[in-house]
Amino acid sequence: MHGQLGEYTRILEAYRREVPAGKKIVMGEIGFKFVEPADSLLQAENLRRAAAHPNASTDDSQMFVYDPMYGTDMADALFQTIHAGYSGCIAWMLDDAMHFKEAPDKLKIWGFWNIFGDEIFGAGEERVRPWYYAWSLLCRTLRPGSDFFAADVRGAAGVKAVAAVKDGRRTVAVVNVSREPRRVRIECPGWERFRQATRYRYGEGLMRTEGDHTLLPDATGLRIDFRSGAEYDMPGESMILLTEQND
């Protein structure tokens, strides 16, 4: 799906149009492999990593879960799913220990972690992987019952955004899936000024973490005016999220 997200959106919208009026649709399993010709180099690297890992299924593993890139790509896929009118997504998958393939010690590596790392597969496998920080942040701030709105992001290809409101508190998230840095301008003309916003950043070298799984904000108490537009510099393969959901 990497590099083919325009086609992904068209497929989602086709399914959404078939849903009866008044009914909701949920993406029951969201994740991706590198299957397009444009992704052949990524797939070759994925296979190389799987072959080098003593416990990875070479047939069904996503070895980029160890890289921040997978978190930004999953955020991008989520944003497109939201904009296509879906009411929720379930990430594939939680824990490597859930499934094996080819042999009992060849796991489908796709998860946030491996809960049996210390006992069987190596203690380092229990460490949460980068994409956990991206996905859990989005789950905490794009909350059930949210209303979603268009967010106009003026930057360059590879940049997408989502805006949400729940209980009067707003969230804006922007992801840059390209490898190049982008300067983006976010506009939400109908919104009043954020007066006590919290900012999070996700990406290589950007995350502030605490303990074994907590992503900390990099700024709090921000005043942001999206009516006239707010500009941010985003490194390649990164996400910025600004929210009033501070509890």
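I take two strands as paired if DSSP finds at least two bridges between them, and helices (H or I, at least four residues) and strands (E, at least two) are DSSP runs numbered from the N terminus.

The model I am reading is predicted, so I note that local features need pLDDT of at least 70 and side-chain atom pairs count only at pLDDT 80 or more, while totals for chains, interfaces and linings use all residues. Residues are numbered from 1 along each chain as its sequence is written, and side-chain values use heavy atoms, with hydrogens and water left out.

Entry on strand E10. I looked up the partners of E10 and found that 5 bridges join it to strand E15 (residues 238-243), the two running antiparallel, with Thr198 bridged to Thr243 of E15. E10 (residues 194-202) is also joined by 3 bridges to strand E13 (residues 219-224), again antiparallel, and here Phe194 has Ile224 as its bridge partner.

Entry on Ala164. I located Ala164 in strand E7 (residues 159-166) and recorded it as buried (under 20% relative accessible area, 1.4 Å probe, protein chains only), its own value being 2%. Its contacts (heavy atoms within 4.5 Å), leaving out residues up to four places away in sequence, include Leu142, Phe148, Arg169 and Trp191. The C-alpha atoms of Ala164 and Phe149 are separated by 6.0 Å, although the two residues are 15 apart along the chain.

Entry on Ile115. I placed Ile115 in the loop between strand E4 (103-107) and helix H4 (117-121).

Notes. Buried < 20%, exposed > 50% of the residue type's maximum accessible area, 1.4 Å probe, protein only.
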